[in-house]
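Hi there,

Have a look at it first, then read on whenever you have a moment.

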Amino acid sequence: MITTRFNATSTADDVVRGVDLQGRQAIVTGASSGIGTETARALTAAGVAVTLAVRNVDAGVTAAEAIAVATGRALPQVRALDLADPASVATLVRQWSSPLDILVTNAGLVTAGLQRTPQGWELQFATNHLGHFALALGLHRHLAAAAAARGGSRVVALSSTAHMRAPVDFDDIHFRRRAYDPQTAYAQSKTANSLFAVEATRRWQAEGIVVNAVNPGGVVTGLQRNFSDTQRQSLAAAEAAGIFTYKTLGQGAATTLVAAVAPEFAGVGGRYLDDCREAYTVPDDATLAEHPHGVKRWALDPTAADRLWRRSLDMTT
């Protein structure tokens with residue numbers, strides 16, 4: 001397992017301190033608030049020209065202005081992106097014309113009940129996985145260009161300990177037959193984020209592009225705004241059981257920054273990071289209470305990763 005000098009208490013500023021990434025370009029999705037804004041701020045502080053890809057452009061502009069003031073760097077760009085809308089993803093891809101060194105697929109959605117896109121896709125899977133999948137594929141040539149010019153590019157996919165609740169159900173991804181449970185749906189999407197890192201690295205590593213999944217840990221963000229009472233009670237019970245301790249935004253963004261800039265992960269992909277280091281793998285029947293910092297085998301399974309890639313292509317192209 002790959003370790004670093006950072007740990008659960010390290011912050012995004014700790015990770016980028018002394019790092020010079022002048023001239024690099026990055027896109028951070030969901031960067032109008034929370035961990036996304038903190039990630040974008042830390043990358044900007046390190047000299048990266050950051051683009052905030054956000055659903056709420058006004059909120060994105062406010063975040064960009066705050067980042068510029070806090071860092072003394074150039075104002076980050078803001079682009080509209082609705083991950084549940086394939087046309088919105090395609091528009092951002094068409095607009096992008098520069099080599100892309102870092103792509104952070106940070107945005108996420110939690111629903112309290114079943115919601116679908118116009119295509120009939122379950123909304124959490126569509127937003128958390130399919131939208132990011134299509135975005136990364138669309139930007140692939142720009143990631144490859146940056147890798148060729150500067151010796152590598154990186155994609156960071158935000159997953160979660162929630163992945164331990166469920167694998168991807170390939171027989172009923174969009175809950176057309178099984179009873180809908182929003183926690184299971186979210187868990188499935190977070191497993192998909194990790195599987196994407198596995199397969200994208202397998203396909204793209206020869207071009208210098210690596211993809212890693214990260215668990216930011218427990219952080220209070222806008223992600224919880226749509227929680228049902230059941231979801232809130234489940235989160236409170238997990239905290240009470242000691243499964244996780246809440247982190248600050250800076251601590252929550254630290255693992256993302258490790259995957260994005262730390263030398264230990266240069267050229268290394270297909271891993272799941274927790275608390276700023278590679279997580280240990282646990283059996284699929286392991287419990288979250290016993291292994292809050294582990295990653296289940298189903299989230300790193302290369303066969304499932306390849307199957308998910310092919311199914312995702314079918315849905316998005």
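This is a predicted model: local features need pLDDT of at least 70, side-chain atom pairs count only at pLDDT 80 or more; totals for chains, interfaces and linings use all residues.

Arg 203 is partly exposed, with a relative accessible area of 31% (buried means under 20% relative accessible area, exposed over 50%, partly exposed in between, with a 1.4 Å probe and protein chains only). Arg 203 forms a salt bridge with Glu 199, whose closest N and O atoms are 2.8 Å apart; the term stands for a side-chain nitrogen of Lys or Arg within 4 Å of a carboxyl oxygen of Asp or Glu. Glu 199, by contrast, is buried at a relative accessible area of 2%.

Residues are numbered from 1 along each chain as its sequence is written, and side-chain values use heavy atoms, with hydrogens and water left out.

Back to the charges. Asp 306 and Arg 310 also meet in a salt bridge, at 2.9 Å from N to O. Both lie in helix α10 (residues 302-316), four residues apart, about one turn of the helix. Arg 310 counts as partly exposed, at 48% relative accessibility. Glu 199, Arg 202, Arg 203, Asp 306 and Arg 310 are linked in a network of salt bridges. Elsewhere, Asp 169 pairs with Arg 178 in a salt bridge, the closest N and O atoms being 3.6 Å apart. Asp 169 is partly exposed at 26% relative accessibility, and Arg 178 is partly exposed at 24%. The count of salt bridges comes to 14.

Next, the helix packing. Helices and strands here are DSSP runs (H or I, at least four residues, for helices; E, at least two, for strands), numbered from the N terminus. Helix α5 (residues 123-138) packs on helix α7 (residues 182-204) at an angle of about 15 degrees, with the axes 7 Å apart. Axes are lines fitted to C-alpha atoms, for helices over the stretch in contact, and angles run from 0 to 180 degrees between N-to-C directions. The pair α5 and α7 is therefore roughly parallel (angles under 35 degrees count as roughly parallel, over 145 as roughly antiparallel, 65 to 115 as roughly perpendicular and the rest as oblique).

The axes of helix α2 (residues 34-45) and helix α9 (residues 249-261) come within 9 Å and cross at roughly 55 degrees, so α2 and α9 are oblique to each other. Residues in contact (heavy atoms within 4.5 Å) include Ile 35, Ala 42 and Leu 43 in α2 and Leu 249, Ala 253 and Val 261 in α9.

His 140 sits in helix α6 (residues 140-150) and is buried, with a relative accessible area of 19%. Not counting residues up to four places away in sequence, His 140 touches Trp 204, Glu 207 and Ile 209.

Which residues other than glycine have a positive phi? Asp 275 has one of about 50 degrees, and Cys 276 has one near 70 degrees. Asp 275 is in the loop between β7 (272-274) and β8 (277-278), and Cys 276 lies in the loop between β7 and β8. Asp 275 counts as buried at 15% relative accessibility, as does Cys 276 at 1%.

Best wishes
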